[in-house]
Structure formats: C-alpha cells, structure tokens
Amino acid sequence: MSALDFKKSKLKPWLKKQWCIGKIDGQYIANMEEVLDFYDWPPKEGGARLCFDERPCQLLGEVIAALPMKAGKAKREDNEYSRNGTAVVLLAYDLDSGKRYIEVRERRTKKDYADFMQHLLEEHYANQTQVHIVQDNLNTHTFGAFYEHLPAPKARAMASKLTFHFTPKHGSWLNIAEIEFSALARQCLDRRIDNIEALSEQVLAWADERNKQSVKVHWSFTVDTAREKMATQYENVNKANVKSNN
C-alpha cells in the first residue's frame, strides 16, 4: 500500500489502542451487576461507600535539563531520561462525599494494603459502623492481609467493619477509582517525576485541590443499561449454559 493509499483510507498503522473487557461469563455478569447495584444504593447513616484501587508509577529523571517554558512555547524535554525505580499510588474515593484519600508507597504488598486500610478507617471513618469497598480481586486485597500484618484484635475489628464488593476479572472499568486515576494521569502524572517524595507531594496536592473544589464523579451506567447494551453477551452466556446442561 502506498502513502497515498494510507491517506485515502485514513489508516494510521503507527497508532493502536488496547482495551480488555475480559471473558463474559456468568461470574463476570454476577460481579458486574452486584457492583452496579451497589452504586445505586442511597447513602445510609452510619455507613460509607468507597472505591479503592492502586496505580504503579515510573519515577523518571532528566539526563539533560529541560528548557524552561517561555511565552508562546511549551517546556521542552530531551528524549533521554533516567529510570529511578517505581512507586505505587493507593487511592480510595468516597461515593457519597466525593472525597478522595491517597497515599504513595514504594510497593503494593499486603502490608501496604493493610496499613492504608487501617489509616483510612481510623482517620476518616472511625465513626462509621459499616464501610463498603469496591475493589478488584487482587491477592493482596483480603482480610488475611490484616491478620498477617496487624494484631489479631485490630485485624478482626477491621474485617468486621468492612464489606468487600469485587469487580470481575478484567473489569476495572467498573471501578470508579479508575476514573480518578484517569484524571490524576492527565492532570498530575503527565510529566517526569524523579523521586517518591516529589511524587507524593504532587499527588497529595492534586487530591487536596480536587477535594476543595468538590469534584464528584457522576456514574450513570446501571444494571438496566448493562442488560440493554450487553444483551448479546447475556444471551450468549445463557445459551452456552443451556446447551451444556442438555
């Protein structure tokens, strides 16, 4: 194909997009509808509804100093950069208040997860009797992580207060925390940050400003919408199971 053919067909072979919705089976649909139903709950006194997720970040430094911004010209960076390791941003978003709580850590281990949840419950939800959390089914996101890194009475108290709602495998698009991470990537992480201290400072400043402005996510995808938009997938799952049972 010639360059002219590419122009005529508007093909852009150098671009590609990746999207993974996962295998749609009965369990996927069950988890999806459970999460969507949860989003439709009205606020309850003495209870809280949260979404939690984690995002890895590369720490990148400059090899050659960037040219400063000037009137009419953007800041210019050299192609070359140094890799200074990685960090992880942990984020919880409150569906009812619109507040987001965020931490930056070196890793996303069971200990990091347990520490984050303990701080979240004790500092922000100590007066709530029940806290519901949407999250993915990662092997660190378990009550067992509490018992492995906290005293048993504390672990039990946290487990009794929390109720988990798991998104389907490859169903992170159902987690509202992902919308917050998308905003974070565009507004804060679209630059080179070379150390974890600077990353933490900038991420916390982003969250504080977003909270001050009362930025709230408005979710409109419901169970009814899913059944309408994904009718073919629902039918295929049902037909496959009817066929296997005959």
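Does T167 count as buried or exposed, and at what relative accessibility? In this predicted model, T167 is located in the loop that links β5 (162–166) to α6. Its relative accessibility is 3%, and because buried residues are those under 20%, T167 counts as buried. Leaving aside residues up to four places away in sequence, the contacts of T167 are with N31, V35, V134, Q135, D136, L174 and N175.

The protein chain comprises 9 helices and 5 strands. Their order along the sequence is α-α-β-β-β-α-β-α-α-β-α-α-α-α. Of the 246 residues in the chain, 37% are buried. When contacts between residues at least 6 apart in sequence are considered, 72% of them join residues at least 24 apart. N236 belongs to helix α9. With a relative accessibility of 45%, N236 counts as partly exposed.

In soluble globular proteins, nonpolar side chains tend to be buried together. The largest nonpolar core of the model contains 39 residues, and the members that touch the most others are Y39, L184, L199 and V203. At least two residues of this core are supplied by each of α2 (26–39), β1 (47–62), β2 (81–94), β3 (100–105), α6 (177–187), α7 (196–212), α8 (223–229) and α9 (231–245). The largest share, 7 residues, comes from α2. A separate core of 23 residues lies apart from this one and includes A114, L121, F146 and F164. For V203, in the largest core, the contacts beyond residues up to four places away in sequence are V89, I102, V104, L184, C188 and L189.

Helix α6 has as its buried residues A177, E180, F181, A183 and L184. These residues lie on the same side of α6, because the arc they cover around the axis is only 160°. An α-helix has 3.6 residues a turn, so residues three or four places apart point the same way.

Two packed helices are described by the angle between their axes and the distance between the axes. For α6 and α7, the packing angle is about 115° and the axes are 11 Å apart. This crossing is right-handed. On the α6 side the contact is made by E180, A183, L184 and Q187, and on the α7 side by V203, W206 and R210. Two of these contact residues, L184 and V203, are also among the members of the largest nonpolar core that touch the most other members.

A further helix pair is formed by α3 (residues 110–124) and α5 (residues 152–161), whose axes come within 11 Å and cross at roughly 70°. The two helices are therefore roughly perpendicular to each other. The crossing in which α3 passes α5 is left-handed. Residues A114, M117, Q118, L121 and E122 of α3 meet K154, M158 and K161 of α5.

Notes:
Residues are numbered from 1 along each chain as its sequence is written. This is a predicted model: local features need pLDDT of at least 70, side-chain atom pairs count only at pLDDT 80 or more; totals for chains, interfaces and linings use all residues. Side-chain values use heavy atoms; hydrogens and water are left out. A nonpolar core is a set of buried Ala, Val, Leu, Ile, Met, Phe, Trp, Tyr and Cys residues joined through side-chain atoms within 4.5 Å. Buried means under 20% relative accessible area, exposed over 50%, partly exposed in between (1.4 Å probe, protein chains only). Helices (H or I, at least four residues) and strands (E, at least two) are DSSP runs, numbered from the N terminus. Contact means heavy atoms within 4.5 Å. The arc is that of the directions from the helix axis to the C-beta atoms. Axes are lines fitted to C-alpha atoms, for helices over the stretch in contact, and angles run from 0 to 180 degrees between N-to-C directions. Angles under 35 degrees count as roughly parallel, over 145 as roughly antiparallel, 65 to 115 as roughly perpendicular and the rest as oblique. A crossing is left-handed if the near helix is turned anticlockwise from the far one by less than a right angle, and right-handed if clockwise.
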